[in-house]
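Please look over the sequence and the model shown below.

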Amino acid sequence: MKKFILLALVAITISSCSKVDYKDPNAPIEKRVESLLSQMTLEEKVGQMNQFCGVVHVSNMDKKAQADNQDAQGYYPGINADTLRKWTKQGLIGSYLHVLTPEEANELQHLAMESRLGIPLILGIDAIHGNCLAPDNTSYPTSIGQACSFDTEMAYKIARQTAKEMRAMNMHWTFNPNIDVARDARWGRVGETFGEDPYLVGQMGLALIEGYQGDMQGGDDVLACAKHLIAGSQSINGGNSVATDVSERTLHEIFLPPYELAVRSGKVGTLMMAHNEINGVPCHSSKWLMEDVMRKDYGFDGFIVSDWMDIERLHSRHETASSRKEAFYQSIMAGMDMHMHGIYWNEEVVELVKEGRIPMSRIDASVRRILTAKFRLGLFENPYCDIEEGKKVRMCEEHRATALEAARNSIVLVKNNGILPLDTKKYKRVLVTGINSDDQNIMGDWSAPQQPENITTILEGLREVAPKTEFVFVNQGDTPKRMKQENVDKAARIARTTDLNIVVAGETSLRVRKGFKTCGENQDRATIDLYGLQKDLVRKVAASGKPTILVVVTGRPNSLVWEDENLPAILYAWEPGMLGGKAIAEILYGEVNPSAKLAITIPRHEGQIQMYYNQKKSIKRYRLVDMSTKPLYEFGYGLSYTTYEYSDLQLSKSEIAPNENIEASVTIKNTGAREGVEIAQLYIRDCISDVTRPVKELKGFERVALKAGESKRITFTLTPEHLRYYNLEMERVVEPGTFQVMVGGSSRNKDLLTAEFEVKK
Ligand code: BGC
């Protein structure tokens, strides 16, 4: 009888589905998905779960790269672009990445729309700080700089504009935000993150997700992808893809919170697993991570994509799968939905289903999620872009203005003995030198070179902002790996003839500089000071006796101990994007008052790693016999050309119940002579707890604009969510007892006012 009812139900479902035309835009998405799914062959379903590199990428591949390193280049032995075109037309490919022009995007989409069921492709791209991996798009500051602005509204705006530029090129899915919590400056990908604090990372990530995805009604929205799960940023020795071994507690307290926020409130559309293993289990076969935490606990309902060929690496790298096919099996059964990228997947996964190892229902679950995303993006109705119309959107004036504003807000002034802002009357002849002075490297990783006329390099910015100053440029090339001693010596000679010197040093992370990069993906370092001859350059130029200012263009914290002790001013510019040169010049010459604060601690030395502000309280026992235990610059720290005073910190109550909110109000006064924006920060400290807590934790921040002499009273609200932590039983609770609230302009104790309240039993 039971069987009969079940069969009847299935029949009813099928017949009601078949009544719905999946091409009908007015039908509900769930019904369209079921109708389409019911008409798909196994091969078509498995194809939807597979992604390939674009046909131009595949045809352009450098032959040597194919022979040397197939995995990193996306080389498919025996397969050419025409095979991919054929498979697309047969409906056997669900997605592409590395498609970089709207012409190619439209061409591939046409082929997909000609397939038996006409299922559009979803085209993914690493639009990390703008869609600038593709030409003629806006390049905004990289994520670490964005985080230093503590400006979630700006992050939202950047993401919204990026989504528009993507759709203008027929791209629908960005592999961003990267909400890894950065904890090791040696790791090359720090610049791609929002720094070291889980709360800040979560807030920035959420703002981006909301910006990318909009209302997800199609049009100019794109899917976001929160990545990478999990904790690859704290791998052994900071190596990208290397094993991570962290406690379950650290995962829940530090690395998972931004994902939890993204999934629960941001409704992020997709997630990407990380290259690394976590506590002995590769992330790509972790059922705990994909099913238990993400889907069951957090309620994730989008689809999960693998990172670049990492499913294969269960076999070839981690050796936890006896064959590639076994690796596909393990990953799918652990919860994976889409394979980035390549051959063998289609036939081997089809075999696994036919052999009865993977149930059809498991495949259907993944395909359902992928199709739902395609319907939500409106791809069935709008599979193509209008290339000419798109040109009006890409890198338009409004987007470039945002890029410039974001750069201004992201540059951190870490040292100034009063020399800045520069006096044009005093410094008439200025030397500009260093690898990043006149170079597109200001755009950082995940950016292709852009047309020179669309970039303002630092040298160009200086000339624009101070047209009467004579800037003498000594070229040091574009990477510290290729610097020449003779050029260093030349700069040192000229430095003696100028009034002031500006050295622009740091790292090279622009993607095209293969073999010459020092930062970015797969560019991990053992040391974190200035690479190569750059140290020599700074010292020799400074030895001229003329004031020497350092501008650091970098995607990781560089330790600058000598520089801090010996130079009058240092600007941490991070990778400020295509108009970053102008923003830097505006700050140096005082047209813009710097406001950014560090979203990551700058250690004095790599031996201090792990160096972050929210250490456990036993950090007070940290003693080094050979150097200070203090970092060079603290989290939340950054200077301005004005000064701010905090006073009168008041709490709305002295006692609260565990489920109550409490407010903290403070007055901030601009005590200097010019207007500025102060980034006020609120930290808490749980005084006595069953399980150890950090010395302080950021739980609120606000950008406060203040005219000279102006005061404002601001209020932060602390909710139970801010006070909660994982107790001995790993339950998330607000524990009774005393909490300290600290408010001020950095994480340094001396910059914070303190008040206390009690949580009652
Ligand atoms: C990176 C991902 C990126 C993917 C596609 C991988 O190597 O780890 O972050 O999205 O490549 O480019």
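**Domains and the space between them**

In this predicted model, 44 residues of domain 1 touch 43 residues of domain 2, where contact means heavy atoms within 4.5 Å. The protein is divided into domain 1 (40-392), domain 2 (411-621) and domain 3 (644-759); these bounds come from an automatic or database domain assignment. The centres of domain 1 and domain 2, taken over C-alpha atoms, are 33 Å apart.

Residues are numbered from 1 along each chain as its sequence is written. Because the model is predicted, local features need pLDDT of at least 70, side-chain atom pairs count only at pLDDT 80 or more, and totals for chains, interfaces and linings use all residues, while side-chain values use heavy atoms, with hydrogens and water left out.

How confident is the predictor in this protein, as given by the mean pLDDT? The mean pLDDT is 95, and 96% of the residues reach 70 or more; pLDDT is the predictor's confidence in each residue, from 0 to 100. Over residues 1-17 pLDDT stays under 50, and there the model has two contacts beyond four places in sequence.

The largest pocket holds about 1,300 Å³ of space. (A pocket is found on a 1 Å grid over the protein atoms alone, as an open set of points where a 1.4 Å probe fits, with protein on both sides within 12 Å along at least five of seven lines; lining residues have an atom within 4 Å of a point. Grid points are joined across faces, edges and corners, and the volume is the space filled by probe spheres set on the points.) Its lining has 42 residues, and Ala72, Gln73, His98, Arg511 and Lys514 lie nearest the centre. Two or more lining residues come from each of α4 (55-60), α6 (70-73) and β5 (225-229); helices (H or I, at least four residues) and strands (E, at least two) are DSSP runs, numbered from the N terminus. Domain 1 and domain 2 both contribute to the lining, so the largest pocket lies between them. By class, the lining has 15 nonpolar, 14 polar and 13 charged residues. Here Ala, Val, Leu, Ile, Met, Phe, Trp, Tyr, Cys and Pro count as nonpolar, Asp, Glu, Lys and Arg as charged, and the others, Gly among them, as polar.

Another open sheet has five strands in the order β18-β26-β25-β20-β21, with mixed pairing. β18 (655-656) and β21 (697-706) each have a single partner strand, so one side of each is left without a neighbour in the sheet. β20 (676-686) and β25 (737-744) pair in the antiparallel sense over six bridges, and Tyr683 has Met742 of β25 as its bridge partner.

Some backbone details remain. Most residues other than glycine have a negative phi, and most peptide bonds are trans. The bond from Lys227 to His228 is cis, with omega near -5°, and His228 is in strand β5. Leu420 and Pro421 are also joined by a cis peptide bond, with omega about -5°; Pro421 lies in the loop between β11 (412-416) and β12 (429-433). Asn170 has a positive phi, near 65°, and lies in the loop between α10 (152-167) and β4.

Conventions:
Two strands pair if DSSP finds at least two bridges between them.
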